[in-house]
Structures are given as C-alpha cells and as structure tokens.
Amino acid sequence: MAKIDNIIQEKDLLNDERISRYMQGRMNADEESAFIEELKNNADLRNQAIAQARLVKGMKQVNEELREAFREADEQTIRRIAKEASGSKKSSTRWIAIAASIVFIVFVGFKSYDYYDTTSLGREYANTFPTSTIIRGEANADVDTELTMLFNNVAEGKDLDNTTSRLNTLWELSKQETYNDYTDYAPYIGWNLAIGYLRNYEKTNAKAVLEEMKEMYLSGTIIGDQVLLLEKQLR
Amino acid sequence: MIVSLHKHKDEKERRLAKFAKEQWQNVRKFLIRRYSLSEEDCADVFNESLMILWQNLKENKVDVDCMGTEEKSNSNYFMTICRNKTMERLRNNKRYTKFNPKQDKDEDTIQFMPDKIDTILALDEDYNNYQEEKDSLVRTIINNLPSPCNELLWGYYGNGNSIRELAEDYYKGSESAVKVTKHRCTNKFRERFNIEYQKLLKKYNGKN
C-alpha cells in the first residue's frame, strides 16, 4: 500500500488537474499519450488517477442504484420521503401552531372577558357599604385609621396586593372567638377583603371569603343578603 | 427470504431518504439565494420536483433529458427539475426576477469520458481480480463519505460541478481551498479503499 502523505504539494494539485483533464478528454493526442506513459511509470500518479477513476465509476453506479430504488418505490413512499426531507413536520407544525394560536386566542379572550367581568363586579359592589358608614370613630383610633385606609383602598382599587394581604390578617383576627379590636368590624373586613380580591382578579380567594361569610351571616341581614347576591353573580 | 426482501426494501428507502435529505439542503439554499423563495415555496417546489423525478425515472425519461444528449447525475437532473418548477411558479405568480436563463444552465458542468476512466482503471495491477467486490467496496465507501468529502467528491466527480462552483458553494469562493480539500478527500478515499481491499483479500485468500 502506498504511503499517503498528509502534506499536499503544488505538484499534487497539478497532478489532480492533469488527471481530471485526461478523464474529461481535454488533452490533445500527444499530451494524452505522454500522460498515459507517465501513468505507467509513476506509481504515485497512477494510484491517484485510479482513485479518481474509481470515484467517477463508483458514483455513476451509485446513481444508477438510486434510480433503481426510485423506480421500485411507490408514489406514497416518495411523497412521504419528500415531505420528511423538506419538513413535513413543517406542515404538521404549522397546523399545530395554528391550533395552538386559536386555543391561545380563545384562552386569552376568555381570560380577558373573565378579568373584565370579575373586576367590574368588584367595582360595582365596592361602595355597597361606604367607609363613612362603617367607621364611626367609636373604637381604637389606630384601628379606625387603618381600616379607613384599607377600605378606601378597596373602594378606589389602590395598592390591592398589600391591602388584601393586610385585610386577610385582620379578617382572621376578627373571626377569633376572643373579643378584640376587630371583632365588630368582622363583616366589613370580610366584605372588603372579598371585594379587594375581586378587584385584584383573585376570584378563588373572593369566593372562599364569601363562602365563609355566607355561613356566618344569615340571609335576612343586610350583609348576609349582599353576600348571597354577590356570590350568585360570581358563579 | 421475506426478512431479506424487507431488508432490501429498507435499504432502498434509506438511500432515497438520504438522497432527498441532501438534495433538500442544496435546493433550499439555491432557491432562496437565486429566486428569494420563501421556505414554504421551496418545500413545495422540492416536493413536486421529487415526484416528477420519480415519474420520469419510472417512465425512463431521464436519459433523454431536458438539456442535451448527455446523461446527467441524479442530483443535477433533480436540480434542473426544481429550477423549471420554480420558473413555472414564478410565471404563474406573475413575479418577475432579474434572473438570467443563460446563467442558470449548467455551463460549467464537467463531463468525464467513460473510455478514459476505463483506460485508467485498466492500469490497476490487480485489475482483473475481484472486480465486482472492488466495485461494491467503492460504492459502500461512497455511500458513507463524511462531510465535507461527501459534498466535494460528489460535487466534482459525481455531478460534474466545476472547482469554481464548488468554491462558491462551500468555500466562499476560494478555489485553492476546494482543490486542497478535494485532494485530501481523494487520499482518504484511497486509504479507506486500500484498507478494506486488504481485508477482502485476506478473507478470500484465507478461504482459498
């Protein structure tokens, strides 16, 4: 086996060109016979030429084998192969993308509608019990001040995350069996908490609070009736 | 027997899929560059053209081909179908391009003469031995050429693309890079063939 040198010299590239010219029939008669003579005497050049000739012949055969494979294939197979190569996935991906977009649009549409519906309900009921009618300044001034601020926040839709968080704590305190500063305000704390959740589009939390209030304040009472009314509209 | 038939069918399908995959890369690149087609249009042209290639091969229309009397490689023939399909599409869409039909012909395509190839092969000292096995060996190596040898050797020896074309396609116009890489690839092919052929001889001589 001839040792194949990794270092390519100008001579190698020139020989490649000569071999190629010969194989294309682009040499004149004299040049051709001289080249054949050289091939016979120069093993390196001969081996290089044989390798190139093998490639040409082999590729022709591979081409023919491929044509045979085409001839034997049926229409369905070719369609499938074509689609797979060019991205049949593309068309299915396209459909998936369209379907996903529709689902997304429907989802976003529904969410937008739901958001509008829920927050509107919160706005509508925000002034059912005006703060001035709830806080009368008879109890702890600090408590009154804080509750006024929190209830006003709910009515105006301001700082809802912090407001609902604080109201939730006060709601827990107000429900305790032991009497405390918030006990008397419990129905309004609960009510404002539910409204705050609605305005902040926290529907589940609002429902949970209303559910609790329904148990605590019977129908027939003002707060009980309002809770039932609001809960009905939320369903 | 049935297993062998299935294997045979799978092997043929694998070859078709390999051809289609390689052609898609070339066709896509060419159609986007030359005609500014969209990805989707390229895929349509490709799919329709592969069907035409299949039909023409089935009806043995390929050797009497569209551009001249000389037989084209599958790859060149397929590219010609894709170009024609694209032109048809552009005409139908009334979209005019600056494309020059003269430029689009295979003007640079080189053709190797079968008699010259045979003359060179006849110089092989071992020419008369194991001819079929050697041919099969060559085909196996060709079917498994790694990149960039696959593109360069197929481009030059299989499809008859000129060094200039290959340089434009793969080496940003550097013809010397193509020549050097092609030479290295030919050497690798030679090396691989010699190794496999020695194994083959060992196998046969061992049996004998």
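Axes are lines fitted to C-alpha atoms, for helices over the stretch in contact, and angles run from 0 to 180 degrees between N-to-C directions. Helices (H or I, at least four residues) and strands (E, at least two) are DSSP runs, numbered from the N terminus. The model is predicted: local features need pLDDT of at least 70, side-chain atom pairs count only at pLDDT 80 or more, and totals for chains, interfaces and linings use all residues. Residues are numbered from 1 along each chain as its sequence is written, while chains are lettered from A and ligands numbered from 1 in the order in which they are written.

In chain A, helix α8 (residues 160-174) packs on helix α9 (residues 186-199) at about 150 degrees. Their axes lie 9 Å apart. α8(A) and α9(A) are therefore roughly antiparallel (an angle over 145 degrees). Residues in contact have C-beta atoms, placed from the backbone, within 7 Å. From α8(A), the contact includes L160(A), L167(A) and W171(A). From α9(A), I189(A), L193(A) and Y197(A) are among the residues involved. By class, this contact has 8 nonpolar, 7 polar and 1 charged residues (Ala, Val, Leu, Ile, Met, Phe, Trp, Tyr, Cys and Pro count as nonpolar, Asp, Glu, Lys and Arg as charged, and the others, Gly among them, as polar).

Between the chains, 46 residues of chain A touch 51 residues of chain B. Helices α1 (10-23), α2 (29-41), α3 (43-72) and α4 (75-86) of chain A each supply at least two residues of the side facing chain B. α3(A) gives the most, with 22 residues. That side of chain A has 23 nonpolar, 10 polar and 13 charged residues.

Chain B has 9 helices and 0 strands.

Conventions. Angles under 35 degrees count as roughly parallel, over 145 as roughly antiparallel, 65 to 115 as roughly perpendicular and the rest as oblique. Two residues are in contact if their C-beta atoms, placed from the backbone, lie within 7 Å.
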